[in-house]
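Here is a friendly set of notes to read with the model open beside you. Take the points in any order you like.

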Amino acid sequence: MSEQADLNPKIAVLHYHGAEESEEQVELLGSAVHIHHIGCDGDLDKMAAQIEAQDGQVAAIALTGVAKTLRLGKARVAHPAAAPLFEVAQQTPVVDGAGVRAAMERWAVRLAAEAQPGIWSRKQVLMAPGLNHEGLAMALSQYTETVRYADPIVYFALPPVPGVGSAETLPRVAEPTLNQLRAYPFRRLFPKAGESVRPRSPKLFEWADILAGNVAGIRRYGPAQLKRKVVVTESVTEEDVADLRERGVSAIVTTMPPLDQELAHLGAAVFEAILVALRPDTTAALTENTYLNLMAQMEWKPGIKLLQPEEAGINKFAFVIHPLSPRFIYTHPKFRWARFFPDRLVERVAAHLPPMYGSRITGIESPTTGQKIEGYLLYIGGTPRELMRRDPAFVYRRLIRASRMAERFGARLMGLGAFTSVVGDAGITVAQKADIAITSGNSLTVAATLETAKQAVVKMGNSLDDAHQGKVMVIGATGSIGSVCSRLLAQAVPNIVLVAPRPEKLIALKQTIESETPNAQVTLSTTADDYVGDCDLIVTTTTALNTRIIDITKCKPGAVICDIARPPDITEEEAALRPDVLVIESGEILLPGKPDYGMDIGLPPGVAYACLAETALLALDGRFEDYTLGRNIEIERVKEIYRLYKKHGLELSGIRSHDHFLTDEDLAKKRALADELRNDPAKLADVQRQAAAALPVKGGRSKAKRGGNGRTTTILASAGAAVLAGVAALFFWRKK
């Protein structure tokens with residue numbers, strides 16, 4: 001017959017590194033377990049003597065700081081100095097944590113991922129060390145492809161050159177490594193915290209996002225600064241927590257049960273001894289199966305403690321941007337040298353570059369809820385021309401890779417900026433492939449555009465409320481933004497002109513509008529020229545390049561052109577020909593708090609493009625879900641995002657025209673000139689005639705471009721292509 005376990009068992013814990021003696025009691029599985037801690041002063045003989053003294057007096061004996069078997073990857077090697085320790089006791093089981101460590105580590109990683117979504121995703125993991133933490137390494141590798149081992153650096157002081165410590169080389173080097181480590185004393189295999197006599201290279205520690213392994217080893221061999229790192233270990237002391245907080249560590253995760261404390265303070269060896277003592281059948285074999293059946297009865301969560309108060313509770317997002325022209329590439333500090341090469345060559349090479357980190361966005365806080373958010377700007381290198389001329393899969397691959405980079409930074413939502421939101425299926429494929437939420441930002445773009453346009457029309461003295469006089473035009477009406485703008489504008493201004501190149505789509509949109517708004521007067525056209533002179537408001541949402549979409553010289557006095565295309569459809573040179581016409585950009589948003597974008601995004605401090613603002617707004621509201629995707633933007637989504645816009649205190653930043661904010665004085669001058677031309681048809685005709693004569697050729701080549709002929713440019717391109725590509729490749733190889 002089997003013997004029943006004591007309801008209140010006692011265990012002894014022999015600490016190889018400890019010196020003091022203490023006692024405590026913990027609760028697990030409904031039983032109280034009394035623990036007697038005994039220090040052995042780093043003396044194996046003393047540890048053996050204590051095992052002999054405790055044999056038969058306690059239900060189990062746990063040995064900390066020593067290991068019977070050394071494990072690395074799938075390799076196993078017995079440690080000769082430990083074997084005699086496990087032969088001393090004749091009655092009481094002696095354990096070192098190996099029976100439960102791997103299973104608990106794997107379980108804890110999963111539970112932590114459920115409690116803190118994204119905590120492991122795509123992170124760069126450093127096993128520090130990987131020795132006897134094969135379960136932890138295996139569990140983390142389910143969430144990331146990047147795991148390295150600090151064992152060669154920690155134990156052999158090797159430099160972190162390529163290949164050293166890589167997961168790919170582990171199967172070949174694990175057994176030879178263990179054969180060397182089996183000769184090491186335990187004070188070197190499982191060292192105490194403190195300064196190392198021989199400092200180790202900090203590069204791998206700096207490279208990593210997650211440091212997993214023994215907290216004492218991390219403290220001993222890690223650098224003084226560990227900002228934004230997450231430390232994963234079995235258990236910690238108050239001293240460990242204080243030291244890691246001072247080094248800048250963001251969070252600690254412990255893989256053993258916290259036992260009613262915030263973080264686990266008892267390691268795997270102690271936990272295994274507790275399970276041994278709590279076995280219903282004291283004759284049951286000490287196998288993983290026995291432990292698993294006991295662990296399955298537990299309801300627990302791994303300890304997770306955020307160490308930096310300013311980082312606690314911050315929702316994170318990412319946003320993808322790209323250069324609108326080669327000149328934006330040249331302004332990047334790392335690519336200023338590229339201006340010495342032909343523009344077209346630079347464009348083509350830049351399109352192939354992998355996504356890059358741009359900057360961190362901080363300081364955004366909702367005045368309503370107090371929620372703080374943090375964002376990351378990520379670059380891809382393609383200009384609009386390159387993004388539009390290539391197969392969508394080319395862009396998808398870079399956006400999916402950017403989403404993985406965003407995951408690594410802890411973002412749970414990524415916004416697609418400018419042309420990345422219109423390529424292919426407008427974000428649907430990226431959302432399907434990415435593990436985080438995706439939005440194009442177009443819902444708030446629509447809402448902000450219409451709100452800005454309304455204000456601008458009023459300031460220019462027009463009245464769109466009068467259905468018999470007000471008329472609006474939407475160019476690119478069948479596009480994702482254009483169609484929903486058309487449907488919403490038709491509800492406010494029933495007299496509307498829809499312009500797009502494909503008649504069948506125009507007809508379908510007209511039918512939709514008329515079913516939603518029966519009193520709407522919808523006019524269709526494949527070109528804007530026939531109706532542009534009658535419209536008070538013109539919204540242009542095209543993605544055409546080097547093509548004149550609208551002839552500004554034909555506009556009526558005081559007309560407002562809301563140009564949300566990027567690059568813009570109306571150039572500053574064209575707008576100057578009709579100073580009575582107001583050309584504005586889509587509504588830019590003033591984000592709440594004190595936003596700092598970490599770089600110049602072409603807007604005043606605190607101001608964001610609407611697509612970026614939508615991504616930030618969803619993060620503020622904790623809406624980590626695919627939001628605006630595809631070419632059919634839902635009107636209800638536009639209305640919902642506008643409600644969130646009001647809820648979290650976002651505001652329009654003002655009316656902008658070609659990167660400049662317009663003052664009330666600027667608008668008053670335009671309105672006065674418009675009123676004058678409205679009342680003087682002859683002067684209006686003269687202004688239109690002069691403007692038409694001065695209208696520049698759209699898409700024409702500049703004769704003075706770079707001062708050379710075609711043959712010289714071709715030679716430069718041929719000579720420079722290899723150099724440019726080589727330098728770019730070298731830069732990114734070094735960065736990686």
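1. Let's begin where helix H9 ends: H9 is followed by glycine 248, whose phi is positive, near 95°. Helices here are DSSP runs of H or I with at least four residues, strands are E runs of at least two, and both are numbered from the N terminus. A word on the model itself: it is predicted, so local features need pLDDT of at least 70 and side-chain atom pairs count only at pLDDT 80 or more, while totals for chains, interfaces and linings use all residues. Residues are numbered from 1 along each chain as its sequence is written, and side-chain values use heavy atoms, leaving out hydrogens and water.

2. Which residues of H9 (residues 238-246) are buried? They are Asp240, Val241, Asp243 and Leu244, where buried means under 20% relative accessible area, exposed over 50%, and partly exposed in between (1.4 Å probe, protein chains only). Their cover includes helix H8 (215-221) and the strands E11 (230-233), E12 (251-254) and E13 (303-306).

3. Those strands lead us to a sheet. Six strands make up this open, mixed sheet, in the order E9-E8-E10-E11-E12-E13. Its edge strands, E9 (146-149) and E13, each pair on one side only; two strands pair if DSSP finds at least two bridges between them. On average, neighbouring strands are turned by 20° against each other, direction ignored, with axes taken as lines fitted to C-alpha atoms (for helices over the stretch in contact) and angles running from 0 to 180 degrees between N-to-C directions. Within the sheet, E11 and E12 run parallel and share four bridges, and threonine 233 stands opposite threonine 254 in E12.

4. Next, the nonpolar cores. A nonpolar core is a set of buried Ala, Val, Leu, Ile, Met, Phe, Trp, Tyr and Cys residues joined through side-chain atoms within 4.5 Å. The largest has 83 residues, of which Val446, Leu537, Ile589 and Leu591 touch the most other members. Helix H21 (residues 610-620) gives the most to this core, with nine residues. Apart from it lies another core, of 73 residues, among them Trp120, Tyr149, Tyr221 and Val253.

5. Proline 367 is worth a look. This residue is found in the loop between strand E15 (356-365) and strand E16 (372-379). Is proline 367 buried or exposed? With a relative accessible area of 61%, proline 367 is exposed. Leaving aside neighbours within four places in sequence, proline 367 is in contact (heavy atoms within 4.5 Å) with Pro592, His648 and Gly649. The C-alpha atoms of proline 367 and proline 592 are separated by 7.0 Å, although the two residues are 225 residues apart along the chain.

6. Finally, charges. The whole structure holds 40 salt bridges, each a side-chain nitrogen of Lys or Arg within 4 Å of a carboxyl oxygen of Asp or Glu. One of them joins glutamate 134 and arginine 76 (3.9 Å, N to O), linking helix H3 (residues 134-140) with strand E6 (residues 75-78) across 58 residues of chain. Glutamate 134 is buried at 17% relative accessible area, whereas arginine 76 is partly exposed at 43%.

7. Elsewhere, salt bridges that share partners join Arg344, Glu347, Arg385, Glu386, Arg389 and Arg390 into one network.
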